[in-house]
Amino acid sequence: MSKQASSPYSHEPQTSQKKSKTLVIGLTGGIGSGKSAASDWFAEQGIDIIDADVIAHQVVAKGSSTLRKIQKKFGNWVLNDNGEMDRAAVRTHVFTHPEALIELEAITHPAIRETAKLQLAANTSPYVVLSAPLLIEAAEAGLANLCQRILVMDAAVDTQLARASQRDEQSVQKIKAIMVNQLSREERNQHADDVVLNDGNLADLYLKLEPLHQSYLTLAQQLKYAAD
């Protein structure tokens with residue numbers, strides 16, 4: 001379904017984005033909601049995908065300036081023997097030290113945002129999908145402000161648990177712990193322009209995505225003409 005969003009998490013494009021000819025669709029959803037399946041489908045339609053999770057790994061790659069900043073802030077223990085970020089150690093540290101998470105995000109989020117902006121500028125498709133699991137919750141490095149519309153993948157909690165446990169072979173307890181840090185279905189949907197209830201199989205999902213794709217193509221054309 002589609003609706004007008006009325007969200008305190010504003011995703012109005014910034015000044016530079018308002019003049020852009022590119023329509024940016026922010027794609028998000030809770031764990032097991034089918035966000036990856038939707039992203040893959042849009043990619044098959046020839047739409048460029050910018051994945052915040054991929055960028056988050058790229059910006060802390062071995063030897064990167066962002067990783068050096070993290071090392072300077074927290075100490076050499078953040079690196080493993082290969083000089084790469086010890087993700088398990090960092091994850092454990094920020095889990096037990098909430099203030100450390102804030103400090104870490106203050107370093108990584110600007111880097112994620114700038115990389116996303118560079119990728120947006122290099123897009124070649126009619127519109128772009130910017131995929132981020134916490135697009136709404138934590139404003140994911142301010143990425144929501146780069147989007148003209150927010151598309152939320154929605155699914156019942158039981159469905160989320162079943163899919164996530166099958167996909168990643170994680171325990172239900174671990175998945176529930178992840179969900180605690182995410183908005184509820186109702187809260188997330190309130191901040192969406194478009195919501196897809198993904199409660200069936202992939203064929204059902206694709207049938208729901210097709211009209212949205214056509215709508216986005218039309219909106220993209222309108223945006224292009226308005227910017228000319």
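Which residues of helix 2 are buried? They are K35, A38, S39, W41 and F42, where buried means under 20% relative accessible area, exposed over 50% and partly exposed in between, with a 1.4 Å probe and protein chains only. This is a predicted model, in which local features need pLDDT of at least 70 and side-chain atom pairs count only at pLDDT 80 or more, while totals for chains, interfaces and linings use all residues. Residues are numbered from 1 along each chain as its sequence is written, and side-chain values use heavy atoms, with hydrogens and water left out. Helices (H or I, at least four residues) and strands (E, at least two) are DSSP runs, numbered from the N terminus.

- Five strands form an open sheet in the order 2-3-1-4-5, with parallel pairing; two strands pair if DSSP finds at least two bridges between them.
- Strand 2 (48-51) and strand 5 (194-197) are the edge strands, each pairing on one side only.
- From one strand to the next, the twist averages 25 degrees.
- Strand 2 and strand 3 (residues 127-131) run parallel and are joined by 4 bridges, with D48 partnered by V128 and D51 by S131.
- Strand 1 and strand 3 also pair in the parallel sense, over 5 bridges, and V128 is the bridge partner of V24.

**Strand 3**

- Strand 3 is largely enclosed by the rest of the structure, because 5 of its 5 residues are buried.
- Y127, V129 and S131 point one way from strand 3, while V128 and L130 point the other way.

- The buried residues of helix 2 are K35, A38, S39, W41 and F42. They lie on the same side of helix 2 because they cover an arc of only 160 degrees around the axis, taken from the directions from the helix axis to the C-beta atoms.
- The cover over these buried residues includes strand 1, strand 2, strand 3, strand 4 and helix 10.
- Just after helix 2, G46 has a positive phi of about 90 degrees.
- Helix 10 (residues 202-227) lies across strand 1, strand 3, strand 4 and strand 5, at about 165 degrees to strand 5.

**Nonpolar cores**

- The largest nonpolar core has 34 residues, of which I50, I70, L130 and L143 touch the most other members; such a core is a set of buried Ala, Val, Leu, Ile, Met, Phe, Trp, Tyr and Cys residues joined through side-chain atoms within 4.5 Å.
- Elements giving two or more residues to this core include helix 3 (52-58), helix 4 (65-74) and helix 6 (98-121).
- Helix 6 supplies the largest share of this core, 7 residues.
- A second, separate core of 18 residues includes L23, I47, L151 and V196.

**T22**

- T22 is in the loop between helix 1 (15-18) and strand 1, and counts as buried because its relative accessibility is 16%.
- Leaving aside neighbours within four places in sequence, T22 is in contact with N123, V128, Q148 and L223.

Conventions: Axes fitted to C-alpha atoms, helices over the stretch in contact; angles between N-to-C directions. Contact = heavy atoms within 4.5 Å.
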